[in-house]
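Colleague: I would like to learn how to read a two-chain model, feature by feature. Take me through it, please.

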Amino acid sequence: MAPKVKTPAATPSKNTPLSTPTPGKIASDILAEQATVVDNDPLPAATITPRVRKLAYPLPTHISPTTINNTESLLRFVILALICGAAIGSRLFAVIRFESVIHEFDPWFNFRASKVLVNEGFYEFWNWFDPTAWYPLGRTVGTTLYPGLMVTAGVIWHFLRLINMPVDIRNVCVMLAPGFAGLTAWTTYLFTTEMSTPSAGLLAAAFIGIAPGYISRSVAGSYDNEAIAIFLLMGAFYSWIKAMKTGSALWGMITAIFYGWMVAAWGGYVFITNMIPLHAFVLILMGRFNNRLYTAYSSWYVIGTISSMQVPFVEFLPIRTSEHMAALGVFGLLQLIAFVEIVRRLVPGKQFQLLLRAFVVLVFVVSFAALVVLTFSGWIAPFAGRFYSLWDTGYAKVHMPIIASVSEHQPTAWPSFFFDLEMLIFFFPAGVFWCFKELRDEQIFIIIYATLSAYFAGVMVRLMLVITPVVCVAAAIAFSKLLEAYIDPVIPESEEELEEATAHQPMSKAKAKKIAAAQQNKPEFNFTGILGGKGEKGIFGLDTRFAVVSVLSLFLFLFVYHCTWVTSSAYSSPSVVLASRNPDGSQNIIDDFREAYYWIRQNTEKDSVIMSWWDYGYQIAGMADRPTLVDNNTWNNTHIATVGKAMSSNEDIAYPILRKHDVDYILVIFGGLLGYSGDDINKFLWMVRIAQGEWPDEVQEVNYFTQRGEYAVDERATPTMKNSLMYKMSYYRFHELFGGHPAQDRVRGQTIPSTGIQLDTLDEAFTSENWIVRIYKVKKEDAIGRDLKAVTSFEGGKKLKKSATSSNNAIGGKKSRPNM
Amino acid sequence: MSVKQPPSNPTQSSAALQSSFQTLLDNYQTTIPARVKLIDSFLLFIFLSGILQFAYRVLVTSYPFYAFAGGFGSTVGQFVLLAGLRAQVAPGRDGEFKEVSQERAFADFCAASVILHLFAFNFLG
């Protein structure tokens with residue numbers, strides 16, 4: 001008997017979990033099962049010839065199952081720890097190359113809010129009204145932000161102080177994202193283990209640890225909502241799967257807690273709000289309703305919704321907007337079905353049909369009427385603009401130009417998928433196919449998640465982040481199945497050997513097959529058609545195994561190489577600091593932004609108002625600590641349009657706007673000297689479009705293009721363009737740099753005319769080292785009441801022209817000569 | 001009592017309906033154990049409480065809206081948690097709930113209810 005039992009031992013937990021629905025079984029259980037399966041076979045032992053399975057390579061036979069289990073657990077723990085280390089390490093490029101600084105734009109606001117939280121306390125933070133943002137309107141920050149990220153950072157900061165290892169808030173904020181990336185890898189491991197085997201789980205954790213799609217939003221220094229949101233997403237999904245499998249209200253509650261935390265942290269929580277109901281709905285449609293689903297969904301929905309309503313920004317949205325109606329609808333449907341099931345158990349079949357019919361008609365009529373009334377009366381709001389634009393992709397360009405102008409909201413180009421995911425995107429459909437093969441409840445979740453996120457990732461570049469977890473999971477499942485098929489050492493019997501064996505024994509074909517299956521204990525591939533057949537399936541030769549495994553290992557190496565290269569070159573730029581190479585190869589740091597912001601901080605009055613385009617609002621508030629007119633929150637379109645109008649009009653029109661808003665300084669970004677292409681002249685058309693949206697009579701986009709429809713800044717530029725404030729501010733004194741040679745704008749590739757630009761209402765205050773940031777001071781009204789244009793003419797030595805406007809500008813009315 | 005053809009005769013259909021109800025009630029009395037009946041009575045109480053709150057909001061006022069939302073939310077929440085508990089202790093549960101014993105179900109129910117009421121209470125203020 002020993003040989004027969006021994007060989008199944010050579011293939012422990014790797015094989016059985018693929019075909020049984022409980023992957024958590026330990027090897028000893030499986031061995032016991034296998035042993036009993038074979039032993040319980042009711043056949044006379046004398047007639048069975050013990051068939052020794054051949055192995056492609058020898059395996060040690062003297063190790064007990066408990067040792068195998070323990071070693072596996074230890075290995076998994078060590079591997080997971082290393083994966084977390086790799087995840088944290090690959091996100092540290094920016095910190096090592098430059099310094100520990102907050103990146104980009106939005107994180108500066110989050111950082112400022114976190115500073116308020118830790119310095120002034122929770123109540124000050126929760127009720128914070130910021131009068132320096134959106135001057136003169138102010139912003140009630142406490143109710144218009146997602147506090148989850150700041151509160152998390154605050155908790156960590158307090159905890160570190162508690163254990164006497166104080167870390168300053170800036171470093172907590174910078175290093176938060178890599179820390180949570182390690183946690184995400186762990187959660188993804190747990191999630192994938194529920195779907196498939198622990199080996200697939202480890203692969204998924206490794207993939208998501210270094211996949212660039214996720215790294216792009218979670219490098220050290222990128223202190224943004226997505227840093228913790230993906231961890232919470234995977235945590236919520238893992239708990240949901242556990243809740244659904246066990247039917248425990250405790251897991252439902254944990255799902256709700258993760259969900260509530262996610263609502264506090266990121267606006268993309270709507271994805272979870274619709275994924276889980278969709279999953280439940282599909283299960284109902286497939287006829288897989290059971291009480292576990294009911295308990296899990298109901299406990300998640302009630303606790304989750306009530307916890308999400310605690311966030312002031314969300315408040316009553318879950319019961320008033322269309323995005324949340326799906327969850328409510330499925331909730332109601334589940335209650336209905338559960339009630340009907342209970343009644344069905346109490347009443348015999350035919351009578352039940354009658355009751356059911358009456359009941360269903362009644363409920364349907366009532367709820368439909370209620371829904372119609374509520375929607376028509378406007379009590380339930382339709383889809384918010386930014387979610388509607390996901391379905392109707394042309395909507396934003398026409399109706400909400402601010403959303404259309406953000407570069408992250410553009411559709412995804414095909415190369416982005418490969419750039420962000422490399423080989424995972426190829427294995428992704430294979431993994432979804434494997435989910436179709438087994439079609440357990442939890443694998444249906446992967447299928448739905450994959451389909452939905454594939455659509456969204458195609459619509460908006462920013463949503464590549466949402467598809468990355470499911471791609472990692474599905475690719476890991478496919479990859480792991482492939483590896484296991486070729487690593488499994490058992491060699492299947494060829495057809496002749498099988499028939500020979502069965503011919504010797506006087507038993508039915510069915511029993512022979514049963515023994516063969518029990519002894520074989522292989523993953524059932526179940527191919528149909530040409531690959532199907534009655535023979536056994538598996539890999540025969542050692543050479544095939546070696547070839548395939550080595551190629552797959554090469555894939556893995558290339559994946560790591562690609563991910564590290566992408567992270568290093570594309571996603572580790574702080575955006576606040578730029579770097580380039582000197583001719584001799586040494587690094588040249590371009591620190592213009594911080595130079596300019598600190599000039600403002602040290603050389604202007606404490607309450608001087610800075611006007612700039614909304615991109616830089618948060619950075620100005622964070623680094624220069626001055627009031628701004630508009631910032632990245634973009635909640636007031638008219639205010640932004642006002643700034644756009646001021647930037648795109650000539651000085652006569654812009655000056656009253658500037659004075660009305662108490663603007664002291666204007667800040668523009670100009671990349672023409674260096675070749676920095678993210679400057680304001682390139683964004684200028686969006687300023688014009690947004691202003692045109694508010695004042696279509698005064699600002700027209702066509703006036704800024706040449707006759708032939710080109711966007712020109714050289715001598716072909718239209719008068720409107722040449723006189724606009726933005727053009728003047730960008731190119732003021734630009735030709736002086738070139739000492740008589742034609743002034744070349746390196747970004748547009750055009751030559752700026754060398755006739756000097758004259759600014760009447762502004763004084764140049766500061767220009768940074770590489771001319772990237774230019775700051776102008778707004779002149780106050782003239783002390784003796786002259787028109788500012790006349791002042792510059794006077795100082796330029798020109799004779800004062802008496803025009804109607806200038807003579808009427810005197811304080812108090814018209815000048816009149818005394819009657820002679 | 002055959003209901004195979006759509007009832008052409010109203011009295012016949014209403015009589016059929018009535019006898020179905022009667023069967024339902026009789027079966028309920030006899031087959032359901034006492035602990036489940038206890039849960040059912042609690043469910044009924046919560047249901048009525050929710051209806052009362054909603055009626056108050058519709059008929060009288062919705063003035064402290066947070067209070068209404070908190071109160072109504074906690075009745076709905078408690079109702080479904082209790083319904084989940086009922087499903088986990090009712091006869092025939094063993095087929096569906098393999099990993100959750102009845103005692104564990106009760107503990108889950110208590111924990112979830114505490115968290116639910118914690119959030120609802122926070123909402124009131």
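Colleague: How many salt bridges does the rule find across the interface of chain A and chain B?

Modeller: A salt bridge here is a side-chain nitrogen of Lys or Arg within 4 Å of a carboxyl oxygen of Asp or Glu. Across the interface of chain A and chain B the count is zero. Note that this is a predicted model: local features need pLDDT of at least 70, side-chain atom pairs count only at pLDDT 80 or more, and totals for chains, interfaces and linings use all residues. Residues are numbered from 1 along each chain as its sequence is written, chains are lettered from A and ligands numbered from 1 in the order in which they are written, and side-chain values use heavy atoms, with hydrogens and water left out.

Colleague: How much area do chain A and chain B bury between them?

Modeller: Buried area is the accessible area (1.4 Å probe) that two parts lose on being put together, summed over both. For chain A and chain B it comes to about 3,500 Å², with 71% on carbon and sulfur atoms. A:Ile306, A:Leu346 and A:Leu354 supply 18% of what chain A buries against chain B, more than any other three residues. Contact means heavy atoms within 4.5 Å. By that rule, 36 residues of chain A and 45 residues of chain B take part.

Colleague: What makes up each chain?

Modeller: Helices (H or I, at least four residues) and strands (E, at least two) are DSSP runs, numbered from the N terminus. Chain B has four helices and zero strands. Chain A has 38 helices and twelve strands.

Colleague: Pick one buried residue. What is A:Phe445 in contact with, beyond its neighbours within four places in sequence?

Modeller: A:Phe445 lies in helix α25 (residues 441–459) of chain A. It is buried because its relative accessibility is 0%. Leaving those neighbours aside, its contacts are A:Phe191, A:Phe237, A:Trp240, A:Ile241, A:Met275 and A:His279.

Colleague: Back to charges. How many salt bridges are there over all chains?

Modeller: Side chains of opposite charge can pair when their charged atoms come close. The search of the whole structure finds 32. One of them joins A:Lys245 and A:Glu194, with the closest N and O atoms 2.8 Å apart. This pair links distant parts of the chain: A:Lys245 is in helix α13 (residues 226–246) and A:Glu194 in helix α10 (residues 169–195), 51 residues apart. A:Glu194 is buried, at 13% relative accessible area. A network of salt bridges links A:Glu194, A:Lys242, A:Lys245, A:Glu438, A:Arg440, A:Glu442 and A:Lys481.

Colleague: Which elements hold A:Arg774 and A:Glu764?

Modeller: Their side chains meet in a salt bridge (3.1 Å, N to O). A:Arg774 lies in strand β12 and A:Glu764 in strand β11, so the pair ties together parts that are ten residues apart in sequence. A:Arg774 is buried at 0% relative accessibility, whereas A:Glu764 is partly exposed at 25%.

Colleague: Now the backbone. Where is A:Trp771, and is it buried or exposed?

Modeller: A:Trp771 sits in the loop between β11 (762–767) and β12 (773–778) of chain A. It has a positive phi of about 60 degrees, although it is not a glycine. At 9% relative accessibility, it counts as buried. A:Thr634 also has a positive phi, of about 45 degrees, and is not a glycine. A:Thr634 is partly exposed, with a relative accessible area of 24%.

Colleague: Which residues does the cis peptide bond join?

Modeller: A:Tyr135 and A:Pro136, with omega at about -5 degrees. A:Pro136 lies in the loop between β2 (129–130) and β3 (139–140) of chain A.

Technical notes
Buried means under 20% relative accessible area, exposed over 50%, partly exposed in between (1.4 Å probe, protein chains only).
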